[in-house]
Amino acid sequence: MTMVSTWADFQAAQRSALAALVAGDPRDFQRLWDHTPHVSLLGAFGGVARGWDEVRDRLAAVAVVYGDGVYRRLDQLDEHVHGDTAWTVHVEEIHSRSATGGRVVRERRVTKVYRRREDGWRIVHMHSDPLVTAELPGDDAGTGR
């Protein structure tokens, strides 16, 4: 794994790795994860991946689904770094093609938890879902953002 010395460098590497992931190559994003049994991924495509082997395989499958996707937006909503632990919250928009070739726009809410290890920052947990627009009871217009 490549050493990323500062939080800012890690965040820049993560943005680049996410762009590669949605373009079909999961390797750089996989390298940013802690490769231990204690990682978890609750991805926007559903299910639970626990432990490095499951997370690695899920990220590879996600890269195939996106194929030739492009990040159009990544809005960082919150970030907190305290000692060797950090978390971020963002909203993202990814444009890609469906299996039949149609255009697909995916908006996601994403929360990540990080730990600083001897070799730099690593992702230890990620939760992502498509519930960007709130649909509150009685909110027929879906304006509860």
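Which element gives the largest share of the lining of the largest cavity? That share, four residues, comes from H3, where helices (H or I, at least four residues) and strands (E, at least two) are DSSP runs numbered from the N terminus. This is a predicted model, in which local features need pLDDT of at least 70 and side-chain atom pairs count only at pLDDT 80 or more, while totals for chains, interfaces and linings use all residues. Residues are numbered from 1 along each chain as its sequence is written, and side-chain values use heavy atoms, with hydrogens and water left out.

**The sheet**

- Six strands form an open sheet with mixed pairing, in the order S2-S1-S6-S5-S4-S3, two strands being paired if DSSP finds at least two bridges between them.
- The edge strands, each pairing on one side only, are S2 (49–50) and S3 (70–82).
- S3 is joined to S4 (residues 85–97) by 11 bridges, and the two strands run antiparallel; in this pairing, Glu93 of S4 is the bridge partner of Arg73.

**Strand S6 and its neighbours**

- Eight of the 10 residues of S6 (residues 120–129) are buried, so that the strand is mostly covered; buried means under 20% relative accessible area, exposed over 50%, and partly exposed in between, with a 1.4 Å probe and protein chains only.
- S1 (residues 40–42) runs parallel to S6 and is joined to it by three bridges, with Ser40 standing opposite His125 in S6.
- S5 (residues 103–117) runs antiparallel to S6 and is joined to it by nine bridges, with Val113 standing opposite His125.
- S5 and S6 also form a hairpin, with two residues between them.

**Helix H1**

- H1 (residues 7–22) lies across S3, S4, S5 and S6 and runs at about 150° to S3; axes are lines fitted to C-alpha atoms, for helices over the stretch in contact, and angles run from 0 to 180 degrees between N-to-C directions.
- The 16 residues of H1 should span 22 Å at 1.5 Å a residue, and its end C-alpha atoms are 23 Å apart, which agrees; the expected span is 1.5 Å times one less than the number of residues.
- Among the buried residues of H1 are Trp7, Phe10, Leu18 and Val22.
- The buried residues of H1 pack against H2 (27–31), H3 (52–66), S3, S4, S5 and S6, contact meaning heavy atoms within 4.5 Å.
- Just after H1, Gly24 takes a positive phi of about 115°, and Gly24 is 9.3 Å from Ala61, C-alpha to C-alpha, although the two are 37 residues apart in sequence.
- Ala61 lies in H3 and counts as partly exposed because its relative accessibility is 40%.

**The cavity**

- A cavity is a set of points, on a 1 Å grid over the protein atoms alone, where a 1.4 Å probe fits but cannot get out, and lining residues have an atom within 4 Å of a point.
- The count comes to one cavity of 30 Å³ or more, and the largest cavity has a volume of about 200 Å³.
- Its lining comprises 21 residues, of which Leu21, Val62, Tyr66, Met126 and Ser128 lie nearest the centre, and the elements that give two or more residues to this lining are H1, H3, S4, S5 and S6.

**After the last strand of the hairpin**

- Gly138 lies in the segment after S6 and counts as exposed because its relative accessibility is 75%.
- Gly138 and Thr85 are 53 residues apart in sequence and 39 Å apart in space, C-alpha to C-alpha.

Notes
1 Å grid on protein atoms, 1.4 Å probe; cavity = no way out; pocket = protein on both sides within 12 Å on 5 of 7 lines; lining within 4 Å. Points joined across faces, edges and corners; volume = space filled by probe spheres on them.
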